[in-house]
Amino acid sequence: MKKLEHTVEAVILASRWLLVIFYLGLAFALLLYAISFGAKLIDFVDKLFVLQETDTILKMLALIDAALVASLVVMVIISGYENFVSRFDNADGNEISWLGKVDAGSLKIKVASTIVAISSIHLLQVFLNAQQYTDGQLMWLTIIHLAFVVSALILAYIDRLMSSTKKTKGE
């Protein structure tokens, strides 16, 4: 019976390697998104001298938004792999000091913060084009953004409570 238990545990532990498919898929999606970013950048450069100031700001905000989304994907790939699959080994023997610093709890906070930043940029883009939206649409977009902000604050508060609880228990 103990041998069966060890076999089941080995299979369950090995199943974490299935996550690699997801991380590789995200890396491929990031490549596609980088190509899309390049197209947006080329379009921006092509129209730079004919755009009005508001349109220039909107194009730049779109590029910033894309960079934040790409950073979010990288953060999820690296942190997820490091936390759930395997530690990164550096072939050069040099320590990669910034890896392994984001645990699952802090990843949630970073993801929520990035989503709030992306939502803020999107809302700013909407407000710069407010004439294209109804008052009801503006209200709902603002409410949705505030929901992201409140969610991020609640996650940060819970994380702070959990870390203070760990400190008081001596973990």
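Tutor: One definition comes before that: a salt bridge is a side-chain nitrogen of Lys or Arg within 4 Å of a carboxyl oxygen of Asp or Glu. Keep in mind that this is a predicted model, where local features need pLDDT of at least 70, side-chain atom pairs count only at pLDDT 80 or more, and totals for chains, interfaces and linings use all residues. Residues are numbered from 1 along each chain as its sequence is written, and side-chain values use heavy atoms, with hydrogens and water left out.

Student: OK, how many salt bridges does a search of the whole structure find?

Tutor: The search finds three. In one of them, the side chains of aspartate 43 and lysine 59 meet at 2.5 Å, N to O.

Student: Where do aspartate 43 and lysine 59 sit in the chain?

Tutor: Aspartate 43 is in helix 2 and lysine 59 in helix 3, 16 residues apart, so the pair links distant parts of the chain. Helices here are DSSP runs (H or I, at least four residues), and strands (E) need at least two; both are numbered from the N terminus.

Student: What else does aspartate 43 form a salt bridge with?

Tutor: Aspartate 43 also forms one with lysine 47, and there the closest N and O atoms are 3.1 Å apart. These two are separated by about one helical turn, because they are four residues apart in helix 2. In general, an α-helix has 3.6 residues a turn, so residues three or four places apart point the same way. Asp43, Lys47 and Lys59 are thus linked in a network of salt bridges.

Student: Is aspartate 43 buried, partly exposed or exposed?

Tutor: Aspartate 43 counts as partly exposed, at 25% relative accessibility. Buried means under 20% relative accessible area, exposed means over 50%, and partly exposed is in between (1.4 Å probe, protein chains only). Lysine 47 at 34% and lysine 59 at 24% are partly exposed too.

Student: And which residue does glutamate 5 form a salt bridge with?

Tutor: Glutamate 5 pairs with lysine 2, with 3.6 Å between the closest N and O atoms. Both lie in helix 1 (residues 2-14), three residues apart, or about one turn of the helix. Glutamate 5 is partly exposed at 36% relative accessibility, whereas lysine 2 is exposed, with a relative accessible area of 52%.

Student: Changing topic: which residues make up the largest nonpolar core?

Tutor: Six residues do: Val20, Tyr23, Val73, Ile77, Tyr81 and Val85. A nonpolar core is a set of buried Ala, Val, Leu, Ile, Met, Phe, Trp, Tyr and Cys residues joined through side-chain atoms within 4.5 Å. Helix 2 (19-47) and helix 3 (53-84) are the elements that give two or more residues to this core. Helix 3 gives the most, with three residues.

Student: What does isoleucine 77 touch?

Tutor: Not counting residues up to four places away in sequence, isoleucine 77 touches Tyr23, Leu26 and Ala27.

Student: Which residues are buried in helix 2?

Tutor: Val20, Tyr23 and Phe44 are buried there. What covers the buried residues of helix 2 includes helix 3.

Student: Last one, how many aromatic pairs does the structure hold?

Tutor: It holds one. Tryptophan 17 and tyrosine 81 form this pair, which is edge-to-face, at 6.4 Å centre to centre and 75 degrees between the planes. Rings of Phe, Tyr and Trp (its six-membered ring) pair if their centres lie within 6.5 Å; planes under 30 degrees apart count as stacked, over 60 as edge-to-face and the rest as tilted. Tryptophan 17 is partly exposed at 40% relative accessibility, while tyrosine 81 counts as buried at 18%.

Technical notes: Contact means heavy atoms within 4.5 Å.
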